[in-house]
Amino acid sequence: MTYYKTSHQVNYGKRIIPLKMIEHMSFDDWEEFIEEWIVIKKSEYVETERFGGAGDKGRDVVGYVSDKNKANYIWDCYQCKHYDSALTPTQVYKEFGKILFHTFHKEYPKPRKFYFVSPKGCGTSLSKLLQNPSELKKAIKKNWVKYCENHISNKQIILEGELLKWVNNFDFSIFEKIHTKNILKEHINHPNHLIRFGGGLPEREKLDTSTIPSSIQNSETTYVNQLLSAYASESNENYKKVEELDSKMHYKNHFNRARISFHHAEQLRNFSRDSLPIDTFEDFQNEILGGIIDIVEDEYSNSFIKVKEAEKEARKIVISSNPLKDVSIINDRSGVCHQLVNDKKIKWI
């Protein structure tokens, strides 16, 4: 069977699905990925924290259900493992031991839940133990000497006395596993998802200009006042309100176009915030700024000429590498000029 080849396939080869890409992540990238996934679970956690590395005391990534600065805070633990195969009990007995030991010594409260997260998941033996808390307890106690006694602290930890009593009374039903495919389904809502896995941006909704508020919003006052001052610098009249432009239709028409373009740029900012890393739109803005800054800093007979020259130049700028280039339109570019004024990065007057 033969297929038509796309330019993307020719340039980059066959696309690797996210589930396979995860298998080739470094351990640090795997922890970062899990942290990103937990961050978007805002309805469940008030804060997240990534420990990882030596001294984490059995905590890789943590989601705090309540304030961690208060006694007996509620939290969930996500133990990140990245192996070439499914997890086995012998690979994680030490992790059980750490939680048991450190909670016994009250270094942190018992977690509400303790999840194993691994690209290949948990093997049959470990899965069976996680489904049967009493059998899990027996297995940990049986294997304590070999896998825990000299591996969870810089000193020997013998399972006896009060520690043994603690283990016997511990609720082993807190230990569970999470399937990677379920994590991926939720991670798609994180701004870094497309950067990690590709797949293209979602469609951008067309701005319905009829929904733009008729009255100037508080968030618009800076660029609006700068435009009024720019018009005044040409007409030698003092405009304090937009309504005063009604008798000067060329200013009124320009203002209406400028405001529409501003709202296009604001929509693009929100689109970027939902779909891409936080600095993506700022980089887009900076490319526009770099293209118009000489115009902004030049002297003109009046500032309205400067405004029009900057808008004209912004519309001609070719965005070469920013991912937003594929969804941006001309109105976005001129709108960014007014955003930059509104963000107090440039001035017309």
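# A walk through the model, one selection at a time

Start by selecting Asn72, which lies in the loop between β2 (61-64) and β3 (75-80); helices here are DSSP runs of H or I with at least four residues, strands are E runs of at least two, and both are numbered from the N terminus. Check the backbone here: Asn72 isn't a glycine, yet its phi is positive, at about 55°. Most residues other than glycine have a negative phi. Is Asn72 buried or exposed? It's exposed, with a relative accessible area of 67% (buried is under 20%, exposed over 50%, partly exposed in between, using a 1.4 Å probe and protein chains only).

Before moving on, a word on what you're looking at. This is a predicted model, where local features need pLDDT of at least 70 and side-chain atom pairs count only at pLDDT 80 or more, while totals for chains, interfaces and linings use all residues. Residues are numbered from 1 along each chain as its sequence is written, and side-chain values use heavy atoms, with hydrogens and water left out.

Now colour by pLDDT, the predictor's confidence in each residue from 0 to 100. The protein chain averages 89, and 93% of the residues score at least 70. Then pick residues 1-14: pLDDT is below 50 there, and beyond near neighbours in sequence the stretch has three contacts in the model (a contact means heavy atoms within 4.5 Å).

Next, go to Lys98 in helix α4 (residues 89-104). This lysine is buried, with a relative accessible area of 16%. Which residues does Lys98 contact, leaving aside neighbours within four places in sequence? Show Asp56, Lys57, Gly58, Tyr108 and Ile152.

From α11, Ala265, Leu268, Arg269 and Ser272 take part, meeting Thr280, Phe281, Phe284 and Gln285 of α12.

To see the contact, show Phe281, Phe284, Gln285, Ile288, Leu289 and Ile292 on α12, then Arg333, Val336, Cys337, Gln339 and Leu340 on α14.

Now zoom in on Ile317, in the loop between α13 (303-316) and α14. Ile317 is buried, with a relative accessible area of 14%. Not counting residues up to four places away in sequence, Ile317 touches Glu287, Ile288, Gly291, Ile292 and Arg333.

Last stop: Lys344, in the segment after α14 (330-342). Lys344 has a positive phi of about 60°, although it is not a glycine. Lys344 is exposed, with a relative accessible area of 69%.
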